[in-house]
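User: I'm new to this one and would like to go through it piece by piece. Can you take my questions in turn?

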Amino acid sequence: PYDLSRGAADPVTLCPVVPAPGGPGSAAAVKAAAELIAKAQRPVALLGMMASHPSAAGAIRAFLRDTGIPAVSTFQGGGVLSQDMVDQFGGRVGLFHNQPGDRWLDSADLVVTFGFDPIEYDAGLWNAGKQRPVVHIDVVPCDIDRNYAPTVEIVGDIGAITEALGAATHGQPKAAASPFVAQARAELDQIKARGAVEESSP
């Protein structure tokens, strides 16, 4: 009734709950992930939504610069890499498995996911039948299924985990340049050039 909507009420102020900060994850898991990275010939980083959080993005950039590992991102995980790292970025992937960066994922012998949730990009499209290790780094445990069952899972604060992983991998040889990386970069440059002269809507 109208009179109730105009009546007095006792206000209650709702304050946001600050979540307890996570830690750097299991030291044993970080060591195991570093060993997988050392053995990999064609590692690729897959950046998900939580990778773009300010508390994680800086550490991820530093880690990728130091290791030379190329990266792709989901559409929810954009904005992590800076302009000076464009040669390490294969663009965004997701939905249709038809992007230049998908060739990076297809060719990888190790995938390291940062803040990735399979709902962002169905693992059945990019990891089905692949016999390769996956390292999952996130604030929550992953939802395991037949196409996404990480070899190593590190749960905690993504930034702190990445810093610990960076310390464990520092000094290792940088990831070798893959021909798939150069091919994807060339395709992205061609798409960019076509878009620069396009005058109509799709």
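User: Which residues of α2 meet α6?

Analyst: This is a predicted model, so everything here is read from predicted coordinates. On the α6 side, the partners are A164, L165, A168 and T169. By class, the contact of α2 with α6 has seven nonpolar residues, one polar and no charged ones. The α2 residues that meet α6 are V30, A33, A34 and I37.

User: How far apart in space are G166 and P141?

Analyst: Along the sequence, G166 and P141 are 25 residues apart. Going C-alpha to C-alpha, the distance in space is 21 Å.

User: How do α4 and α7 run relative to each other, roughly parallel or roughly antiparallel?

Analyst: Helix α4 is residues 100–107 and helix α7 is residues 179–197, with axes that come within 8 Å. They cross at roughly 170°. An angle over 145 counts as roughly antiparallel, so the label follows from the cut-off. The two helices are therefore roughly antiparallel.

User: Which α4 residues make that contact with α7?

Analyst: From α7, the contact involves F180, V181, Q183, A184, E187, L188 and I191. By class, the contact of α4 with α7 has seven nonpolar, two polar and two charged residues. On the α4 side, the residues are P100, R103, W104 and S107.

User: What kind of aromatic pair do W126 and Y148 form?

Analyst: The count comes to four aromatic pairs, and this is one of them. The ring centres of W126 and Y148 are 6.1 Å apart, with 65° between the planes. Planes over 60 degrees apart count as edge-to-face, so the pair of W126 and Y148 is edge-to-face.

User: How many residues apart in sequence are the parts that this pair ties together?

Analyst: W126 lies in helix α5 (residues 123–126), while Y148 is in the loop between β5 (134–138) and β6 (152–155). Both W126 and Y148 are buried. The pair therefore ties together parts whose separation in sequence is 22 residues.

User: Which residue joins W126 and Y148 in one aromatic cluster?

Analyst: W126 and Y148 already form an aromatic pair. The cluster brings in one more name beside these two, F116.

User: Where does L95 lie, and is L95 buried or exposed?

Analyst: L95 lies in the loop between β3 (89–93) and α4. It has a positive phi of about 70° although it is not a glycine. With a relative accessible area of 60%, L95 is exposed.

User: H97 is in the loop between β3 and α4 as well. What is its phi?

Analyst: At 24% relative accessibility, H97 counts as partly exposed. H97 is a residue other than glycine, yet its phi is positive, near 55°.

Methods
Residues are numbered from 1 along each chain as its sequence is written. This is a predicted model: local features need pLDDT of at least 70, side-chain atom pairs count only at pLDDT 80 or more; totals for chains, interfaces and linings use all residues. Side-chain values use heavy atoms; hydrogens and water are left out. Contact means heavy atoms within 4.5 Å. Helices (H or I, at least four residues) and strands (E, at least two) are DSSP runs, numbered from the N terminus. Ala, Val, Leu, Ile, Met, Phe, Trp, Tyr, Cys and Pro count as nonpolar, Asp, Glu, Lys and Arg as charged, and the others, Gly among them, as polar. Rings of Phe, Tyr and Trp (its six-membered ring) pair if their centres lie within 6.5 Å; planes under 30 degrees apart count as stacked, over 60 as edge-to-face and the rest as tilted. Buried means under 20% relative accessible area, exposed over 50%, partly exposed in between (1.4 Å probe, protein chains only). Axes are lines fitted to C-alpha atoms, for helices over the stretch in contact, and angles run from 0 to 180 degrees between N-to-C directions. Angles under 35 degrees count as roughly parallel, over 145 as roughly antiparallel, 65 to 115 as roughly perpendicular and the rest as oblique.
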